[in-house]
Amino acid sequence: MNYRIEMPTALDYFRSLVSGGGAFPLLEAAASLAQDEYPEVDVAQVLAQVDRIQVRLTRRVAEVDDELKRLQVLNACFFEELGFAGNVNDYYDPDNSFIHLVLRTRRGIPISLAVIWLELAQGLQLQAEGINFPGHFLVKVHLSEPRQGQVVIDPFTGESLGRDELLERIQSMSTPVHHGRQRDPDELLLAHLVPAQGRDILWRMLRNLEEIYRAQGDAGRLAAVGARINVLREADQIN
């Protein structure tokens, strides 16, 4: 009798994360993307590292009811104290997409920084969401009364972006014409601030890696990313 136990592959693990119903484990799924390049990555340790930051933040805001103040505490810790920022020196390094390395180096691209920031923000009971903004992933927090509104943040720099800055970014990347007419700025802005679901974020992370490996002509890594894209596509068709 053969008692050999087959260990699940990194792709099997990824499939188990994206195929289930219920809440989508964005941080865990995003952290698992590194396992093709770094098989030794322990995703549980990555989650525990973020949890330790979360505990520190939770203690600091224990007596803070104001959402804006909780957001300020988060940003001060994330961008100033811990020093998370965009990798301006090597933006297209694939390592910028791997959560365990972003936690180690404190450098990443907007979407990988956003994944960590969103996890921490949601842990502070902030209504935080990602935004699939053209060319540059953003995050936002909805504020309830009396400050009712939203704060949009660039996770690459930690900068809060106002209406005019957002419109300038949109208009620099696209032609604001809709059905033969000049599009209303507020209508244009609203269309670009639609929340990104967890699956949308994972799709964008995989597409980023796919573009990098294609540009590098790296067929092996391109195939590995393609396999994950196929798994996510199949899961989306089921769910």
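Let me start with a term. Accessible areas here come from the Shrake-Rupley method, with a 1.4 Å probe. On that basis, the accessible surface of this chain comes to about 12,700 Å². Carbon and sulfur atoms account for 49% of that surface. One caution before we go on: this is a predicted model.

Now the overall build. The chain has 10 helices and 9 strands. Along the principal axes, the C-alpha atoms fill a box of roughly 70 × 50 × 40 Å. Of the 239 residues, 43% are buried. Next, contacts along the sequence. Take contacts between residues at least 6 apart: 56% of them join residues at least 24 apart.

Let's move to the sheet. In what order do its strands run? The order is β6-β5-β4-β3-β9. The sheet is open, has 5 strands, and its pairing is antiparallel. The edges are β6, residues 159-161, and β9, residues 195-196. Each of those two has a single partner strand, so one side of each is left without a neighbour in the sheet.

Strand β3, residues 127-131, is joined to β9 by 2 bridges. In β9, A196 is the bridge partner of G130.

Helix α4, residues 67-81, touches β3, β4 and β5. Its direction makes about 5 degrees with that of β5. Helix α7, residues 163-173, touches β4, β5 and β6. Its direction makes about 85 degrees with that of β6.

Back to the strands. Between β3 and β4 there are 5 bridges, and the two run antiparallel. I131 has L138 of β4 as its bridge partner. The hairpin of β3 and β4 has 6 residues between the strands. In that hairpin, G135 takes a positive phi near 80 degrees.

Next pair: β4 and β5. They are also joined by 5 bridges and run antiparallel. L143 is bridged to G149 in β5. This pair forms a hairpin too, with 5 residues between the strands.

Is β4 largely enclosed or left open? In β4, 5 of the 6 residues are buried, so the strand is largely enclosed by the rest of the structure.

Look at one residue in β5: D154. Its relative accessible area is 2%. The cut-off for buried is under 20%, so D154 counts as buried. Which residues does D154 touch, beyond its neighbours within four places in sequence? They are F79, H136, L138, E159, L161 and R169.

Now the cores. In general, nonpolar side chains tend to be buried together in soluble globular proteins. The largest nonpolar core here has 62 residues. I99, W117 and I201 touch the most other members. Helix α6, residues 110-123, gives this core its largest share, 9 residues. Let's zoom in on I99. Beyond four places in sequence, its contacts include L27, V46, I116 and M205.

H100 is found in helix α5, residues 99-105. At 12% relative accessibility, H100 counts as buried. Leaving out residues up to four places away, H100 touches A34, Y38, V41 and V46.

One is R106, with phi near 65 degrees. R106 sits in the loop between α5 and β2. At 22% relative accessibility, R106 is partly exposed. The other is Q125, with a phi of about 65 degrees. Q125 lies in the loop between α6 and β3. Is Q125 buried or exposed? At 61% relative accessibility, Q125 counts as exposed.

That's my tour. Thank you.

Technical notes
Residues numbered from 1 in each chain as written. Heavy atoms only, no water. Pairing = 2+ DSSP bridges. Helix = DSSP H or I, 4+ residues; strand = E, 2+ residues; numbered from the N terminus. Contact = heavy atoms within 4.5 Å. Axes fitted to C-alpha atoms, helices over the stretch in contact; angles between N-to-C directions. Buried < 20%, exposed > 50% of the residue type's maximum accessible area, 1.4 Å probe, protein only. Core = buried A, V, L, I, M, F, W, Y, C linked by side-chain atoms within 4.5 Å.
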